[in-house]
Amino acid sequence: MKTLMTDVLVVGGGLAGLRAAIGAKRRGHRVLALSLVPPKRSHSAAAQGGMQASLANVIRGQGDCEDVHFEDTVRGSDWGADQIVARMFVNTAPKAVRELAAWGTPWSRVRRGDHNVVINGEKVTLTERTEAHGLIAQRDFGGTKKWRTCHVSDGTGHAMLFTVSDQVIKHEIEVLERTEALALIHDGERCYGAVVRDLISGEIFACMAKATLIATGGAGRLYRVTTNAVICEGMGHALALETGIAPLGNMEAVQFHPTGIFPAGILVTEGCRGDGGLLRDVDGHRFMPDYEPEKKELASRDVVSRRMEEHIRKGKGIPSRFGEHLWLDITLLGKHHIEHNLREVKEICETFLGIDPARHWIPVRPAQHYTMGGVRTNPTGQSPWLTGLFAAGEAACWDLHGFNRLGGNSVAETVVAGMIVGEFMADFCDDSANTVAQPIKLAEEFVQRESAALNTLLHHPGKENAFRLCTEMQEVMTRCVGIFRSHDDLQEGVSQLQRLLQKSRDIGISGKHSGSNPELVAAYRVRRMLKLAVTIAHGALQRTESRGAHFREDFPQRNDEAWLKRTLAFWPDDRDATLPRLEYEPLDVKRMELPPGWRGYGAKDYINHPDTPARQSEIERVRNRVQTEGGDRFALQEALMPYADHLPESLRGRNERLDEPLENNP
Amino acid sequence: MSRPITLQILRYNPQNAASRPRLQSYTLDKADGMTLFIALNEIREHQDATLQFDFVCRAGICGSCAMMVNGRPRLACRTLVNELPDTVVLAPLPFFELIGDLSVNTGKWMRGMSERLQTWLHAREELPDLRRIEEKMEPEEAEAVYEMDRCIECGCCVAACGTAQMRQDFVGAVGFGKIARFRLDPRDTRTDGDYYELIGDDSGVFGCMSLLACHDVCPKSLPLQTQIAFLRRKMVSQALQPAVAQTAN
Ligand SMILES: Cc1cc2nc3c(=O)[nH]c(=O)nc-3n(C[C@H](O)[C@H](O)[C@H](O)COP(=O)(O)OP(=O)(O)OC[C@H]3O[C@@H](n4cnc5c(N)ncnc54)[C@H](O)[C@@H]3O)c2cc1C
């Protein structure tokens with residue numbers, strides 16, 4: 001049996017995995033990375049709009065800082081986020097953007113003087129400061145108080161991924177391309193790496209490691225209409241789930257992006273609205289201000305997507321052969337702006353719709369976009385259930401995003417988590433307690449088990465077609481577990497998915513070839529996808545409240561009293577299981593820096609947690625005390641919820657801004 | 001109502017000793033907005049589950065799906081079947097290692113090219129203080145770098161290149177584009193002398209026959225023609241300089 005030995009095994013060649021790989025390698029550890037595709041083709045490349053970090057360089061970003069970013073993130077999450085993690089994140093995000101700048105990312109830069117922008121449908125002239133000239137620029141995004149989204153035109157993810165991937169090459173980190181992790185090797189307490197399959201030759205072998213990182217991205221392909229790439233099938237989520245030991249957190253939290261082009265679902269960035277684009281209905285009417293007078297088109301994604309669907313239900317959609325849609329109007333931004341700041345959008349509109357977005361409105365409708373749920377970890381990125389198993393990026397439930405992530409916070413999370421978790425994995429490998437002898441026998445057992453399973457699958461004379469089962473699953477998810485959810489639909493969804501899961505045990509494969517074989521791949525993946533799908537549907541059915549992207553028509557209120565808790569899903573160790581076991585992890589209001597309240601957009605009524613009023617008064621007391629003592633924002637933050645100890649030492653420290661020179665804030 | 005299209009696909013699985021290259025035809029109905037991504041998946045789902053091809057983003061962003069469409073390299077996901085004739089031949093990109101049918105191993109070649117040309121920023125400072133305000137850069141400079149940074153390593157330029165068909169070690173327009181990108185970047189400390197070491201020979205810029213098919217087929221419309229011409233002039237002047245000047249620069 002072929003076995004590769006390494007210190008850190010990184011499953012996933014997107015931004016999160018690669019950044020973590022660099023961190024561990026720089027600390028002197030052996031690192032091996034795996035990816036289904038060449039790493040530069042990972043879906044991180046598709047991120048357009050940008051990355052949030054409170055640099056406060058542009059005039060509309062002035063006054064921005066970690067505190068504002070923190071509040072936006074927690075409100076965006078509808079209080080589902082882990083606030084310690086959110087604090088770690090907002091403090092590291094500026095460092096991450098600056099690191100990428102030092103590595104070569106061509107961030108768009110501030111130009112001094114006047115420039116015209118569109119805000120709330122009107123032309124406005126902004127004047128940028130001379131001292132900011134040449135610093136990294138920010139644009140507006142939904143759900144944020146300040147302009148905070150750093151960008152490279154609208155090809156941000158591409159530019160970031162190429163930068164990081166080139167650093168991986170510089171650091172001589174080996175990436176096994178077209179290699180898929182099939183199962184984690186573990187003994188019930190500790191993870192020792194993964195069984196992997198070479199997608200070209202079909203060879204199955206073991207990669208053994210002290211620390212294993214799941215950085216496999218999202219699971220959008222569980223839905224029919226999604227902005228995600230075809231490889232976003234949640235296979236990393238499945239790795240953890242199938243151990244039966246490491247749970248997934250909050251899988252029912254699925255984000256729908258307001259502006260997928262219709263009907264293909266290809267994304268046009270939130271930057272379109274951030275830069276001043278408007279949503280219009282069948283009458284050409286701009287309808288968002290009717291629903292959301294404060295934030296309008298720039299409320300958080302969950303809210304805008306729901307308002308759009310609501311508006312379509314009222315008969316205000318534009319009918320078409322494929323169903324109804326709404327319009328995104330960016331004509332008012334002008335040709336120059338579109339050609340310079342939204343060029344990917346322009347290309348997408350030209351190629352896939354045959355229209356020029358400087359002259360025509362873009363047909364859009366919400367599409368599945370982001371998987372908030374993932375491998376549940378603690379703030380170091382490690383699974384508390386399976387030692388040596390780490391997760392980062394979209395595949396993780398770290399939990400930065402709670403029930404709704406803000407635009408621009410995801411690519412930011414990937415690099416920030418990569419930086420942080422990379423350090424913690426290196427610490428883990430440094431610790432002599434973790435240099436246990438690698439149990440080769442165990443690895444052999446796992447390799448044999450996976451080989452046998454694939455062999456059975458390949459030769460099983462089954463009746464079902466893997467591709468069609470997948471399409472059916474996607475239909476069920478889109479129909480029953482979408483933007484608006486209710487008991488009956490979800491119940492229907494769960495039963496349908498259970499039925500499909502059972503059917504998936506009877507897949508037949510026409511080409512018996514064990515090497516590069518797309519049908520075989522589809523067959524073993526669809527079984528895993530169905531487990532994830534049913535986990536989402538079941539979690540959504542049980543959660544009888546509405547929070548962030550999870551919206552129950554029969555329970556429209558957020559209910560902190562009953563549901564301020566994270567869903568944990570475990571897959572039972574039983575061949576016939578068709579449902580996960582759910583447990584819940586409460587969030588502690590008494591330790592929150594920002595106790596639950598109104599988000600500033602969306603519904604205003606919610607059921608309070610009994611601890612909230614007490615925590616609020618306590619916060620008031622602390623605030624008054626710190627103020628009388630003459631403490632600054634750092635002192636207040638420290639008094640409310642100290643977090644710095646959670647960060648790796650090398651990443652601690654304040655962030656310099658034009659208005660906050662470091663000399664004064666050592 | 002809808003007209004059928006016939007895709008003649010070059011099929012060959014080099015891993016299977018019994019496999020021989022052959023053209024296989026598949027016919028399906030055209031539809032509005034149908035791209036080759038949709039068409040090929042429909043064939044795989046309903047006609048032939050063994051067909052191999054690569055797609056990732058299906059939005060023209062990741063560069064996975066380059067293939068020869070009637071002899072011309074292009075991104076399949078951005079090719080609308082309505083714009084194609086009723087019979088179309090699809091073949092894998094030449095030059096790259098064939099995985100099977102329409103799937104080729106561009107990733108492996110690109111990594112080799114990157115290692116050889118050191119396509120990463122050679123910065124002044126290895127580990128800058130990340131707490132400090134970033135170094136400034138002119139907005140136009142950043143835009144110019146991004147213009148070249150938009151390359152998606154799809155391989156179309158290499159597949160269309162006359163030199164590459166004759167020299168396996170040719171770095172191709174993609175390689176020149178990378179060098180041009182770092183040359184434009186004020187944060188990179190390398191000199192023309194350094195770049196000359198990397199591309200100043202026949203496997204580099206002097207191997208280019210200026211046929212510039214690369215420029216025409218680039219799906220991202222990178223200004224390859226101007227950049228390659230410029231790079232050549234710079235490298236020629238390097239070649240003409242005495243060796244001392246190169247290192248002392
Ligand atoms: C169209 C689009 C636009 C977006 N725009 C933005 C934006 O503007 N701002 C923002 O913040 N976020 C944006 N996002 C979200 C953001 O891009 C992603 O959440 C983020 O890039 C995910 O990065 P990642 O490293 O976690 O995973 P990915 O980049 O998806 O990488 C996953 C990696 O895992 C590998 N992999 C998967 N399974 C396996 C397996 N079993 N074995 C081996 N390897 C495996 C894959 O090959 C891949 O290399 C956007 C998302 C989409 C879909």
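In this predicted model, P263(A) sits in the loop that runs between strand 15 (254-261) and helix 6 (271-274) of chain A. The peptide bond leading from F262(A) into P263(A) is cis, with omega near 0°.

In chain A, W79(A) has a phi near 65°, which is a positive value in a residue other than glycine, and W79(A) belongs to the loop between helix 2 (66-76) and helix 3 (83-103) of chain A. Is W79(A) buried or exposed? With a relative accessible area of 1%, W79(A) is buried. The relative accessibility of R58(B) is 6%, so R58(B) counts as buried, since the cut-off for buried is under 20%.

From loops we can turn to a pair of helices in chain A. The axes of helix 13 (residues 466-480) of chain A and helix 14 (residues 487-503) of chain A come within 9 Å and cross at roughly 170°. Because angles over 145 degrees count as roughly antiparallel, helix 13 and helix 14 of chain A are roughly antiparallel to each other. Residues of helix 13 of chain A, including L469(A), M473(A) and V476(A), meet residues of helix 14 of chain A, among them L490(A), L497(A) and L500(A). The residues of this contact divide into 8 nonpolar, 2 polar and 6 charged.

Note on methods
Residues are numbered from 1 along each chain as its sequence is written. Chains are lettered from A and ligands numbered from 1 in the order in which they are written. This is a predicted model: local features need pLDDT of at least 70, side-chain atom pairs count only at pLDDT 80 or more; totals for chains, interfaces and linings use all residues. Side-chain values use heavy atoms; hydrogens and water are left out. Axes are lines fitted to C-alpha atoms, for helices over the stretch in contact, and angles run from 0 to 180 degrees between N-to-C directions. Helices (H or I, at least four residues) and strands (E, at least two) are DSSP runs, numbered from the N terminus. Angles under 35 degrees count as roughly parallel, over 145 as roughly antiparallel, 65 to 115 as roughly perpendicular and the rest as oblique. Contact means heavy atoms within 4.5 Å. Ala, Val, Leu, Ile, Met, Phe, Trp, Tyr, Cys and Pro count as nonpolar, Asp, Glu, Lys and Arg as charged, and the others, Gly among them, as polar. Buried means under 20% relative accessible area, exposed over 50%, partly exposed in between (1.4 Å probe, protein chains only).
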